[in-house]
Amino acid sequence: MPSHPRPPSPEISRRGLLRAGAAAAAFGASAGALLARASAASAVLSDGDHVPALVVGSGYGGAVTALRLTQAGIATSVVEMGMAWNTPGPDGNVFCDMIKPDQRSFWLRTRTDQPLGYFLGIPVNKPIGRYTGVLDSEAFSGIRVYQGRGLGGGSLVNGAMAVLPKREYFEEILPSVDADAMYRTYFPRAMAALGVNNVDPAWFESAACYRYARLSRDEAHASGYRTTFIPSVYDFAYMAQEQANAVARSALGSEVIYGNNHGKRSLDKTYLAAAAATGRLTVTTQHVVTAVAPANGGGYVVTLTQLGTTGDAVNTKTVRADRVFLAAGSVGTSKLLVAMKATGKLPGLGDAVGHGWGNNGNVMVARANHVWQPTGSLQSAMPAVGIDNWADPAGPVFAEIAPFPSGNETWISLYLAITKNPHRARFVYNAGTGAVDLTWRTEQNQPSIDAASRVFDTINRRQATIYRSDLFGVCKVWGDDLTYHPLGGCVLDQATDNYGRLPGHPGLYVMDGSLIPGSTGVNPFVTITALAERNIEKIISTDLP
Ligand code: FAE
């Protein structure tokens, strides 16, 4: 139960929060300029610096932490391994084209690694220059984990779907959290500050760019399933203007996983911009945190490696921080903590650290439509509808109707299914290589395939259609070797206390998706954001003088 030993300051009042959301939604140029100033060369951390609060990572957990700490009057330094993504490339755009990807697309790869790596069974990945690009496909032995890299983390590359978890399921996965407080206070707070909006149903019915979604929806209904609109942090008013050819196209220009040049309320436009507006935020990009250890006399020594744009280490720095907030994402935070525990740098960490990782039951699948049922060559890259079969006790599924925005008619209906997969994995330190591995095995995705096939076998049978087996490999129906939703590894109330504090290490906190035990039943960023709002409110009110 969150308590308020002292009244919230005017700066963190609800009205202030709503204002921050509104300012964010307005995409204020001045907010962008303030964030650019917060991440200017003069703001970058130097060797030997001593800061009150250091946040590792700038995704949802990190951005919430940065905003609430700075609003509470605490000078806050965010360290992010990716780039700031605020400078146009030679083509005049910050982010590259999804259909013709260049070095900006992927994190330190010489070849793209698209989630759908084949078309007609032919590999479609392309050579690119090695660069600190925006999307990472981090390969573990049994799974590829897609993550955003840059100021704003996953918000730069994700599909913007802002989905509230079902309350009963939230209570099941996080029983130690007061669900009343979450649904009354923290989810609404998160949604407001993220700038969540809803598609106009009448416009949706008429827009050419959602023909693909209407077709999949209608086939789902005709097969006995219900669907729901998906709230988004992509500005649907901007999208309507794209459809009307009145503005530059982004969602309608096939932009999503390599970044959106327009229209998306990513964290650099919302939480991080609002944090910069306090004047108390500094941002250090292209620096990886490689170690955290207690400092003599209190606080922590944090080791940073500065990266060049080809991933080369150009400098190593150590800084001291009175408090450290780990928000490097489920994989980033878990890997760091598991390595620190194994090497004795954070000896107080408990045995639960590194455990409880899951892929949110992700599995992808595509169906081949009848030739007389085109999906349209113009497709919004932002999904707007999901098939909701979560109530099926034999195999809960929430499947987003995903675009296939190739610019051509493909007669493909694509889906990302979120299922209730009971399997979990753990992060393991490899003393030989110094790397941290993940024990997930591809076979662990079978429950997800089983649940999703209950839905899509039925739709195929009722609509007399078949699966595509040429997109995830050769004769391979299921995209079961990848996830966009890594969750867990440092689970709330197991590896941390009930607010993300790491026992045995005062002033060291976990704030991101690693707190959630492997599954949320929906796309996770709203849950991650709201949980961070809850935890940081408690930490500010009780731990910070
Ligand atoms: P995250 O946003 O990943 O932020 C962590 C940050 O820490 C990153 O910027 C890292 O570069 C940085 N970092 C990591 N290690 C270090 C280090 N050692 N030192 C310094 N910096 C570090 O974490 N979710 C939805 O709810 N809706 C969607 O539509 C959706 N679509 C997605 C589509 C794609 C292609 C992907 C990849 C993800 C999608 N997600 C979606 C998932 C969502 O983006 C993800 O759950 C959140 O971004 C996770 O938030 P965190 O704060 O945990």
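Predicted model: local features only at pLDDT ≥ 70, side-chain atom pairs only at ≥ 80, totals over all residues.

**Exercise 1.** Work out the strand order of the open sheet of six strands, and find its edge strands.

*Solution.* Start at one end and step across: the order is β7-β13-β14-β15-β12-β18, with antiparallel pairing. Next, look for strands that pair on one side only; these are β7 (227–229) and β18 (466–467).

**Exercise 2.** Find the bridge partners of β13 residues, and decide whether its faces are covered.

*Solution.* Begin with β7, which is joined to β13 by three antiparallel bridges; here Phe229 sits opposite Val385. Now turn to β14 (residues 397–402), which also pairs with β13 (residues 385–388) in the antiparallel sense over three bridges. Across this pairing, Gly386 faces Glu400, and Ile387 has Ala399 as its bridge partner. Finally, check burial, for which the cut-off is under 20% relative accessible area. Val385 and Ile387 on one side, and Gly386 and Asp388 on the other, are all buried, so both faces of β13 are covered.

**Exercise 3.** Which strands does each of the helices α7 and α11 lie across?

*Solution.* Take α7 (residues 211–222) to begin with: it lies across β7, β12, β13, β14 and β15, at about 145° to β14. Then take α11 (residues 446–463), which lies across β12, β13, β14, β15 and β18, at about 10° to β12.

**Exercise 4.** Which residues touch the most other members of the largest nonpolar core?

*Solution.* Among its 167 residues, they are Tyr210, Leu326 and Phe456. Helix α5 (residues 179–194) supplies the largest share of this core, ten residues. Lastly, follow Leu326 beyond its neighbours within four places in sequence: its contacts include Val56, Val292 and Met511.

Conventions. Residues numbered from 1 in each chain as written. Heavy atoms only, no water. Pairing = 2+ DSSP bridges. Helix = DSSP H or I, 4+ residues; strand = E, 2+ residues; numbered from the N terminus. Contact = heavy atoms within 4.5 Å. Axes fitted to C-alpha atoms, helices over the stretch in contact; angles between N-to-C directions. Core = buried A, V, L, I, M, F, W, Y, C linked by side-chain atoms within 4.5 Å. Buried < 20%, exposed > 50% of the residue type's maximum accessible area, 1.4 Å probe, protein only.
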